[in-house]
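I opened a new structure today and wanted to get my bearings. These are my notes on what I looked up.

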Amino acid sequence: MDMKEVKETLSTKAEAAMKRPIEENPVDQVIVNKLPDTDNEEVDKVYQARWVWYHTLLALELFFTNLFLFILIIITLVK
């Protein structure tokens, strides 16, 4: 299996997991159970938790990208 097939398989599995109803998805059940009860529906809670995780991952990616760019600048200036 080459890298492209692996990526497609992982993205397909992740997409299928995100489309499952809350009752069938153990991650969503944990999210719903851990958050405090409010008047919002469960779907709103899951959306908010996913939003936080998604943006946390984006922030980490941005940090490492900037770090690598800074290292490249330093290497270029030294040579």
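**Ground rules.** I'm working with a predicted model, where local features need pLDDT of at least 70, side-chain atom pairs count only at pLDDT 80 or more, and totals for chains, interfaces and linings use all residues. Residues are numbered from 1 along each chain as its sequence is written, and side-chain values use heavy atoms, with hydrogens and water left out.

**Confidence.** I checked pLDDT, the predictor's confidence in each residue from 0 to 100. The protein chain has a mean of 79, and 75% of its residues reach 70 or more. Among its elements, helix 1 (residues 3–19) has the lowest mean, 70, and helix 3 the highest, 89.

**Layout.** I found three helices and zero strands, in the order α-α-α along the sequence. Both are DSSP runs numbered from the N terminus: helices are H or I with at least four residues, strands E with at least two.

**Burial.** Of the 79 residues, 10% count as buried (under 20% relative accessible area; exposed is over 50%, partly exposed in between, with a 1.4 Å probe and protein chains only).

**Helix 2.** Which residues of helix 2 are buried? I noted Asp28, Ile31 and Val32, within residues 26–34. Seen down the axis, they fall within an arc of 95 degrees, so they line one face of the helix; the arc is that of the directions from the helix axis to the C-beta atoms. On the other side, Val27, Asn33 and Lys34 are exposed.

**Aromatics.** I got one aromatic pair: Phe63 and Phe64, edge-to-face, 5.3 Å centre to centre and 70 degrees between the planes. Rings of Phe, Tyr and Trp (its six-membered ring) pair if their centres lie within 6.5 Å; planes under 30 degrees apart count as stacked, over 60 as edge-to-face and the rest as tilted. Phe63 sits in helix 3 (residues 42–78), and Phe64 is partly exposed at 41%.
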